[in-house]
Amino acid sequence: MTRKWNYIPLTARQQQMAAELRPHCSDSHAIAELLIRRGVQSPDDAEKFFSPSIADLHDPFLMPDMDKAVERLNRAMGSKERIMVYGDYDVDGVTAVTLVYKYLQNYYSNIEYYIPTRYEEGYGISMKSIDYAADAGVKLVIVLDCGIKAKEEITYAKSKGIDFIICDHHMPDEELPPAAAILNPKMPGSTYPCKHLSGCGVGFKFMQGFAMSNGLSNHNELEGLLDLVAVSIAADIVPIVGENRVMAYHGLRRLNSNPNLGLRSIIRICKLTNKDITISDVIFKIGPRINASGRMQSGIEAVDLLVTRDLHDAYEKGMNIDQYNKDRKELDKRITDEANELIERNVNVVEGKRSIVICKKDWHKGIIGIVASRLTELYYKPAVVLTLSDGVATGSARSVQGFDIYAAVNEARHLLENFGGHPYAVGLTLKEENVAEFAKLFEEYVARHILPYQLEPHLEIDAEITFSEITPEFVASLRKFNPHGPGNQKPVFMTRNVFDFGTSKLVGKAMEHIKLELEDNSTSRVINAIAFNMSQYFEHIHAHKPIDICYTLETTKHPGRGESVQLMIRDIRLSKPL
């Protein structure tokens, strides 16, 4: 699929701001340009960006209801009430439950945790869990990463004398549940500065508020749990800007130095020990293993792993979860293949449409979100994948960049039994007889609101540079842009009119990749590069004809030999004549 390259030069005003920043970033115009594109406009802002500080975290009491939440928790502890910490079965929910449970355990023992089963109880607060809480004598439930739409369930809990504190980050409805307190930065009228906290991030702010209200001065106890927040931020793909960037930055440092025992076992299993763990490692290696527990069995096993204090126990539990992940991969491949076959047999599913809605009986509920993501990547259209069981369709929706899929699903909410999520990912449930009408309304909404450029893959280019600008100082400055993620993606560069040095070659089992050694007219330096699945350009490159490249910069440390730089080619196009 051909990609569109988007590069918008800085405005005159931005050029002026970049010139002011340049002395503070190795005198590099490109580094200054990267800062401007990330909203950094002054030397003071640049200092904060390059050195995120815990002191820059917001006052938790800026969040509506924080005072109510803290007061209700303090009252429960003072009265020795039994407390349940409840959360969703995905990475965000599991890490949130672990964080709140572990922190409160330092000060209170009459506490337990609960993760609903995906297959018996489904997403959110279940009636079964409320009955269990009532039988166990629970008087307060702290619910994390869900609950914002649980009006009926929390009303039922109140009738049994159980209060709820909701810590959520999903979109609320106009009518809210009758909870003792609702902590959610997306609440109507909220002026909390960081709107896109993860569920675990909301839990961290709650514990921060609890600590402040009780004069707890051992900040290491709470800040030592930021590795869990970093994992949630990466896995839930929330913007890594502002407060999220501060927590991700310090959480990654913890993950690389002294992580939670359960995370340490996963790091060992992933063969990441003694490596510089990045957000990308969390997304592709650590997060999927934690998620696999809730997808394949029960999310409570992941919490068991993350709260254990025994290294041997952690490794055993980690190996079990690793096996779930292997099973998940096999199912993922099979169901993705079945979904593609279904689309190929029924071309009307995609032809002439701006969206994809597919449905099949008995697809694994824990895998369909991944399959929806795969279809979105392949067809570059918002996708909904549904599985049928006992007359009920359960599904996941995933979006393309810039399109609000939550709003699209909300358009057909009268057909749904339940739904919730974010602009890029939604979970939903509806009756089988409503699937066709839902698909119709969903497609109509997408067709009316999606913009043409959102239906084609494109590369956002941060800066145009020459090879002479890729100096050790430049590479060192780039490292300070970590951690990368939404809102602060790894910088993408463009260089025009580069040539093969004469040593480039095809590699891979099917000779589908190109290993490149490139040069341009700005320097005599030769730079290594790799272009995956771009063998179609090899003849042109090998003939010493010029190309334009889009790429990210990757570095590799070699013991005793320092550091090497390689360009990770994102796209290639043939250079136009000068």
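Which residues in H4 meet which residues in H8? Met66, Ala69, Val70, Leu73, Asn74 and Met77 in H4 meet Lys205, Phe206, Met207, Gly209, Phe210 and Ser213 in H8. This is a predicted model.

**Helix H4 with helix H8**

- Two packed helices are described by the angle between their axes and the distance between the axes.
- Helix H4 covers residues 66-78, and helix H8 covers residues 199-213.
- Their axes lie 10 Å apart, and the packing angle is about 65 degrees.
- Angles from 65 to 115 degrees count as roughly perpendicular, so H4 and H8 are roughly perpendicular to each other.
- The crossing of H4 past H8 is right-handed.
- Sorted by class, the contact of H4 with H8 has eight nonpolar, three polar and one charged residues.

**Helix H15 with helix H16**

- Helix H15 spans residues 311-345, and helix H16 spans residues 368-379.
- They pack with axes 9 Å apart, at an angle of about 50 degrees.
- H15 and H16 are therefore oblique to each other.
- Here, too, the handedness can be given: H15 passes H16 in a right-handed crossing.
- On the H15 side, the contact is made by Arg328, Asp332, Ile335, Thr336, Ala339, Asn340 and Ile343.
- On the H16 side, Ile370, Val371, Arg374, Leu375, Leu378 and Tyr379 take part.
- By class, the contact of H15 with H16 has eight nonpolar, two polar and three charged residues.

- Arg82 has Val138 in E4 as its bridge partner.

**Strand E14 and its partners**

- Is E14 mostly buried or mostly exposed? Seven of its eight residues are buried, leaving E14 mostly covered.
- Strand E13 (residues 463-464) is joined to E14 by two bridges, and the two strands run parallel.
- In this pairing, Glu464 stands opposite Met494 in E14.
- E14 also pairs with strand E16 (residues 513-519), in the antiparallel sense and over two bridges.
- The bridge partner of Phe499 in E16 is Glu519.

- Most residues other than glycine have a negative phi, and most peptide bonds are trans.
- Asp145 is not a glycine, yet has a positive phi of about 65 degrees.
- Asp145 sits in the loop between E4 and helix H7 (151-159).
- The relative accessible area of Asp145 is 1%. Buried means under 20%, so Asp145 is buried.
- Asp390 also has a positive phi, about 55 degrees, although it is not a glycine.
- Asp390 lies in the loop between strand E8 (383-389) and strand E9 (392-398).
- Is Asp390 buried or exposed? Asp390 has a relative accessibility of 77% and counts as exposed.
- Asn482 and Pro483 are joined by a cis peptide bond, with omega about 0 degrees.
- Pro483 is placed in the loop between helix H19 (472-479) and strand E14 (493-500).

- Gly122 is in the loop between E3 and helix H6 (127-135).
- Gly122 is buried, at a relative accessible area of 16%.
- Leaving aside neighbours within four places in sequence, Gly122 is in contact with Tyr89, Pro116 and Thr117.
- Gly122 and Thr429 are 307 residues apart along the chain, while their C-alpha atoms are separated by 9.9 Å.

How values were computed:
Residues numbered from 1 in each chain as written. Predicted model: local features only at pLDDT ≥ 70, side-chain atom pairs only at ≥ 80, totals over all residues. Heavy atoms only, no water. Pairing = 2+ DSSP bridges. Helix = DSSP H or I, 4+ residues; strand = E, 2+ residues; numbered from the N terminus. Axes fitted to C-alpha atoms, helices over the stretch in contact; angles between N-to-C directions. Parallel < 35°, antiparallel > 145°, perpendicular 65-115°, else oblique. Left-handed = near helix turned anticlockwise from the far one by under 90°. Contact = heavy atoms within 4.5 Å. Nonpolar A, V, L, I, M, F, W, Y, C, P; charged D, E, K, R; others polar. Buried < 20%, exposed > 50% of the residue type's maximum accessible area, 1.4 Å probe, protein only.
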